[in-house]
Amino acid sequence: MNEKKPKYKIIEEDLIRRIQSGELPGGAELPSESQLIATYEVSRVTARRAIDELYHNGYIEKMQGKRTCVRRTARLQELTSISSYTEEIIRQGMNPGRKVIKSEIRISSAEEVTRLQLRKADPVFYLERIYYADDAPLCFTRTTLPYEIFRDIEGYDFIDSSLYKIIENNYNIKISTTTLKLKAVPAYGEVMKHLDISKDTPLLYSTGLTFGIVKEREVPIELFATYYLTDHFEYTLTQSRN
């Protein structure tokens with residue numbers, strides 16, 4: 001039977017079997033083109049075709065440095081409640097990790113003045129971080145906070161601490177609501193580098209504004225933008241018809 005199949009199809013089906021059996025678990029590196037050439041005695045074109053078929057069928061993802069890894073099973077996340085990245089990673093049974101890329105106090109931009117309801121040239125605290133789930137990159141996020149509300153926040157350890165816990169426990173601000181926009185985008189530039197993925201890898205891009213209760217008033221307290229890898233979580237939203 002195998003003689004009638006294209007050689008790339010034989011390789012593809014064999015690797016799918018190994019993935020589905022758990023021999024190649026989620027996150028495992030796929031055999032390289034050179035290894036496939038030696039194992040199956042095929043040309044580089046054939047080996048590359050097999051890898052491309054696995055990628056287009058959603059079995060693997062391409063990383064930086066020409067590496068390919070088995071795609072992890074996505075976990076469902078509801079979009080009906082506000083959770084920090086750390087809380088959601090823990091809820092899904094994984095270990096959270098963080099890496100700070102940038103942390104600074106600077107003058108607010110025109111967009112930040114408008115959306116955070118600031119005065120012109122008010123200072124803001126700006127934070128860039130990568131979040132990890134079980135040591136694998138999950139998302140790259142940019143966060144802006146009004147410094148007048150969060151004085152001295154630059155002194156906190158954002159590698160080991162949850163931002164939302166600091167906001168609620170150290171500044172006694174109750175997080176109330178979030179407005180959120182979602183769209184699909186391809187990986188590019190520094191995002192590709194931070195998440196260790198190849199160019200044009202599909203990402204979920206979310207932007208939003210978080211509100212909190214400050215001195216008994218609901219005001220905007222956080223402006224954020226996040227690039228999510230789509231192999232960790234799938235997002236669900238329950239709607240009702242009035």
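Trainee: What makes H2 and H3 roughly perpendicular to each other?

Mentor: Helix H2 (residues 33-40) and helix H3 (residues 44-56) pack at an angle of about 115°, with their axes 9 Å apart. Angles of 65 to 115 degrees count as roughly perpendicular, under 35 as roughly parallel, over 145 as roughly antiparallel and the rest as oblique, so H2 and H3 are roughly perpendicular. Bear in mind that this is a predicted model, where local features need pLDDT of at least 70, side-chain atom pairs count only at pLDDT 80 or more, and totals for chains, interfaces and linings use all residues. Residues are numbered from 1 along each chain as its sequence is written, and side-chain values use heavy atoms, with hydrogens and water left out.

Trainee: Which residues in H2 and H3 meet?

Mentor: Glu33, Ser34, Leu36 and Ile37 in H2 touch Arg44, Ala47, Arg48 and Ile51 in H3, where contact means heavy atoms within 4.5 Å. Sorted by class, that contact has four nonpolar, one polar and three charged residues.

Trainee: What is Thr143 in contact with, leaving aside its neighbours within four places in sequence?

Mentor: Phe125, Tyr126, Leu127, Leu163, Glu222, Leu223 and Phe224. Two of these names come back in the pairing: Leu127 stands opposite Thr143, and Phe224 is the bridge partner of Thr143 in S9.

Trainee: How do you know that S6 pairs with S5 and S9?

Mentor: Two strands pair if DSSP finds at least two bridges between them. Strand S5 (residues 123-133) is joined to S6 by 10 bridges, and S6 to strand S9 (residues 217-229) by six, so both meet the cut-off of at least two. Both pairings run antiparallel. In the hairpin of S5 and S6, with two residues between the strands, Asp134 takes a positive phi near 55°.

Trainee: What makes S4 and S7 edge strands?

Mentor: The open sheet has six strands in the order S4-S5-S6-S9-S8-S7, with antiparallel pairing. Strand S4 (96-107) and strand S7 (174-186) each pair on one side only. For S7, the partner is strand S8 (residues 202-214), over 12 bridges in the antiparallel sense, with Val185 opposite Leu203 in S8.

Note on methods:
Axes are lines fitted to C-alpha atoms, for helices over the stretch in contact, and angles run from 0 to 180 degrees between N-to-C directions. Helices (H or I, at least four residues) and strands (E, at least two) are DSSP runs, numbered from the N terminus. Ala, Val, Leu, Ile, Met, Phe, Trp, Tyr, Cys and Pro count as nonpolar, Asp, Glu, Lys and Arg as charged, and the others, Gly among them, as polar.
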